[in-house]
Amino acid sequence: MESEIDRLRKKVENFPSPSSYNRLAELLHLAKQEADAEAVCRKCLKEFPRNSQVYALIADIQLGTGRKAEAGESLRAALERDGRNYAAARMYADWLAENRDIPGAMAQLKQVLAFRPADPAVLKRLAELEAQLKGVPAGAVQRAPTTTPRPPAAPPTGLTAPPTLPRPPTPAGSERRSATPAPMPAASSSGVRGATPGSGVRRSAFDTLAAEGGVRAAVVVDPTGQVVLARATTAGAGKEDALAAYAATIGGAVGDLAALAGFPNPSSWVLGAEQGQVLAFRRDNGFSVVALAEPSVRPAMLELRARQALIDLGAT
């Protein structure tokens, strides 16, 4: 382990990356070198402040050294940066339970089920917390429920409206300084989340983009990575949430690379493969249009549609 630690120390000095920092900190944590591990985490946050995983690791170190209040702040910071951070979400649920907020812990675990349906560990923990809430003695719950909550009925016209994950409160001293984006206006009554009949909001550009030949799925994503609007063909149905999650992860990595090279954060990127491509177009306030398309689709054509869609929807 020591040789690997030495190798990673040299790597983060010469070729720093979030993954290298995370791995080095994890090894130091496993080696019980807690002070060194936390120092590595803090250095990583200076270079890559959007790294959610390192906040979860700091929280684990803080819990191990008896700093429970600080651990709660670190976990909230991790989830603010990535609401789908499984490790941070599970740790935060346990933190809430230990602080006698059983309903809050259960709500946090139900958020995990929104992106990890039927996770056996989460279902088992939910059953245990529900038993505690009802006053059932500890140990009485032996296994997780065999059934999972039924998902909401699919909205009409092929649009998908996944559940919104509430943003955790921003901890004191958080490095997040971006301005709060303006909320997206309600869309017309055609299966879009928050639809209001007669609202008059134009969705023509988004519909046009989604109906473009070769586009399998298209989503509008807010700065927290949650889907605001979604549309998919039969080939892309059911992939909208995954598309948003992957786009958030890749977009974060692209931003980190740009910062490392001293470039501004790109407003668009394309990830291509033989069987398809993912295209993302972002505005300054953090809202993005992300599309899953055939390899033959021209990015320039979709960019025009995507930027007009964001303007039409008020993401300016």
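The numbered points below concern the salt bridges of this predicted model.

1. The structure contains twelve salt bridges. As background, side chains of opposite charge can pair when their charged atoms come close.

2. One of the salt bridges joins the side chains of Arg9 and Asp36, at 3.9 Å from N to O. Arg9 belongs to helix α1 (residues 2-14) and Asp36 to helix α3 (residues 34-47), so this pair ties together parts that are 27 residues apart in sequence. Arg9 is partly exposed, with a relative accessibility of 32%, and Asp36 is partly exposed at 36%.

3. Asp94 and Arg125 also form a salt bridge through their side chains, at 3.2 Å from N to O. This pair links distant parts of the chain, since Asp94 lies in helix α6 (residues 86-98) and Arg125 in helix α8 (residues 120-133), 31 residues apart. Asp94 has a relative accessibility of 27% and counts as partly exposed. Arg125, at 18%, counts as buried, because buried means under 20% relative accessible area.

4. Glu70 is partly exposed, with a relative accessible area of 36%, and Arg67 is partly exposed with 25%.

How values were computed:
Residues numbered from 1 in each chain as written. Predicted model: local features only at pLDDT ≥ 70, side-chain atom pairs only at ≥ 80, totals over all residues. Heavy atoms only, no water. Salt bridge = Lys/Arg side-chain N within 4 Å of Asp/Glu carboxyl O. Helix = DSSP H or I, 4+ residues; strand = E, 2+ residues; numbered from the N terminus. Buried < 20%, exposed > 50% of the residue type's maximum accessible area, 1.4 Å probe, protein only.
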